[in-house]
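Subject: Handing over a structure

Dear colleague,

I am passing on the structure below, and I would be glad if you looked through it with my notes beside you. Please keep the display open as you read.

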Amino acid sequence: MDVSGISDIYSQYAQSVADSNRSDELKRKFSADGAQTDEELMGVCKEFEAYFIEQMYKEMLKTVPESDLTSKSNSTLVDFFKDQAVTELSKQTSEQNGGLGLAQMLYEQMKRNYDI
């Protein structure tokens, strides 16, 4: 296996760990000790919506064919900027025009079920 193969595997592993850590953080915030006020709960719901949108965009990007700009020689750098762009785009999507509405629905459900 050449060095680019190893860097690709490491890049995928690092992304997996980052996604797992972010997911664990959201779970902790949703726990009973987490969001206590309405504002905190809504903030966590918005974070979850942005995370959901980010995962959706990443899956959509997998369907885009490779090109000369995304060659394997510079894939680590391209992947880094692609991940940063997807994260920022997902935040903007969730903030504009009420996002998908997932945060609001989740907030109402959590409020109703946990009497927060």
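Is Phe80 buried, exposed or partly exposed? With a relative accessible area of 44%, Phe80 is partly exposed, because that class lies between the cut-offs of 20% and 50%. Please bear in mind throughout that this is a predicted model.

Turning to the chain as a whole, you will find four helices and zero strands, so that the order of elements from the N terminus reads α-α-α-α. Of the 116 residues in the chain, 22% are buried, while the accessible surface comes to about 8,200 Å², with 58% of it belonging to carbon and sulfur atoms. If you consider the contacts between residues at least 6 apart in sequence, 78% of them join residues that are at least 24 apart.

The charged side chains come next. Side chains of opposite charge can pair when their charged atoms come close. The structure holds three salt bridges, and they can be taken one by one.

In one of them, the side chains of Lys111 and Asp38 meet at 2.5 Å, N to O. Because Lys111 lies in helix H4 (residues 102-114) and Asp38 in helix H2 (residues 38-61), this pair ties together parts that are 73 residues apart in sequence. Lys111 counts as partly exposed, at 25% relative accessibility, and Asp38 is also partly exposed, with a relative accessible area of 31%.

Another salt bridge joins the side chains of Glu54 and Lys58, at 3.2 Å from N to O. Here both residues lie in helix H2, four residues apart, which is about one turn of the helix, and both Glu54 and Lys58 are buried.

There is also a salt bridge between Lys62 and Glu59, in which the closest N and O atoms are 3.0 Å apart. Lys62 counts as exposed, at 62% relative accessibility, because the cut-off for that class is over 50%, whereas Glu59, at 45%, counts as partly exposed.

How values were computed. Residues are numbered from 1 along each chain as its sequence is written. This is a predicted model: local features need pLDDT of at least 70, side-chain atom pairs count only at pLDDT 80 or more; totals for chains, interfaces and linings use all residues. Side-chain values use heavy atoms; hydrogens and water are left out. Buried means under 20% relative accessible area, exposed over 50%, partly exposed in between (1.4 Å probe, protein chains only). Helices (H or I, at least four residues) and strands (E, at least two) are DSSP runs, numbered from the N terminus. Contact means heavy atoms within 4.5 Å. Accessible areas come from the Shrake-Rupley method with a 1.4 Å probe; for residues, only the protein chains shown count as cover. A salt bridge is a side-chain nitrogen of Lys or Arg within 4 Å of a carboxyl oxygen of Asp or Glu.
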